[in-house]
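Here are a few friendly notes to read alongside the model. Please keep the viewer open as you go through the points.

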Amino acid sequence: MRFVGRTADDAVEVRPVALENVLPIRQRVLRPHQRVEDVEFEGDRRPGALHVGAFVADRLVGAASILPHTHPELADPNTWRIRGMAVEDDVRDRGIGGAMLERCLDHARSRGATLVWCNARIGAVRFYERHAFVSEGDPFDVDLIGPHVRMRRTL
C-alpha cells in the first residue's frame, strides 16, 4: 500500500514486516521505560497476526499490529485487536497512522473479523474516532503508561 504525502520525499509505504522489526519502534515511541525484549505483547505470534511497518525513504517510521483476540466483554469469536500503534514524532500528522490502521483493518476483514477493538491512550482517542471507532466505558489507567479507554469499530 502506498500513501503519498505533501511532496515526493514524503511518500510512505506500508507493508507487512516481521515482529522483530516492530519491537524497537514500539519500545521507543510507546514504552521507553522498558527494554525492547519486554515489549512483545501477548498474541503477537498468534496465527493470523499481522505486523506492519511504515517506511519513508527506507526508514521505518511507524508500526502497528493486529491479531485475533476476543473482546473482553463480547463472546464473538470474530474479534481482532489493534496493538502497538506507533509513529515517530518527527513524521506525525502526515496520515501514516491512518494508512497503517486501514491496512490492519483490511487484513482482519479479509479473515472474517466482524469487530476490531483496542485500548487507546487518551491522547489517541480522536485519531481512532476519525477512523470510525467508538469509545466504550470509562477511562482506566495502565501502570507506568497512563490513561486509556477501550474503543471498537464494527467492520
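1. Which residues have the most contacts inside the largest nonpolar core? They are Ile82, Met100 and Tyr128, in a core of 31 residues. A nonpolar core here is a set of buried Ala, Val, Leu, Ile, Met, Phe, Trp, Tyr and Cys residues joined through side-chain atoms within 4.5 Å. Buried means under 20% relative accessible area, exposed over 50%, and partly exposed in between (1.4 Å probe, protein chains only).

2. On the basis of the numbers: this is a predicted model, where local features need pLDDT of at least 70 and side-chain atom pairs count only at pLDDT 80 or more, while totals for chains, interfaces and linings use all residues. Residues are numbered from 1 along each chain as its sequence is written, and side-chain values use heavy atoms, leaving out hydrogens and water.

3. Back to the 31-residue core: at least two residues each come from strand 2 (12-16), strand 3, strand 4, strand 5 (79-87), helix 2 (96-110), strand 6 (115-121), helix 3 (125-130) and strand 8 (146-154). Helix 2 gives the most, with seven residues. Helices (H or I, at least four residues) and strands (E, at least two) are DSSP runs, numbered from the N terminus.

4. Do look at Met100: leaving aside residues up to four places away in sequence, Met100 touches Val14, Val52, Ala54, Gly62, Ala63, Ala64, Met85, Ala86 and Val87 (contact means heavy atoms within 4.5 Å). A second, separate core has eight residues, among them Val17, Val22, Leu23 and Phe55.

5. The loop between strand 3 (50-56) and strand 4 (59-68) holds Ala57 and also Asp58. Phi is positive in both non-glycine residues, near 50 degrees for Ala57 and near 65 degrees for Asp58. Ala57 is exposed at 70% relative accessible area, and Asp58 is exposed at 71%.
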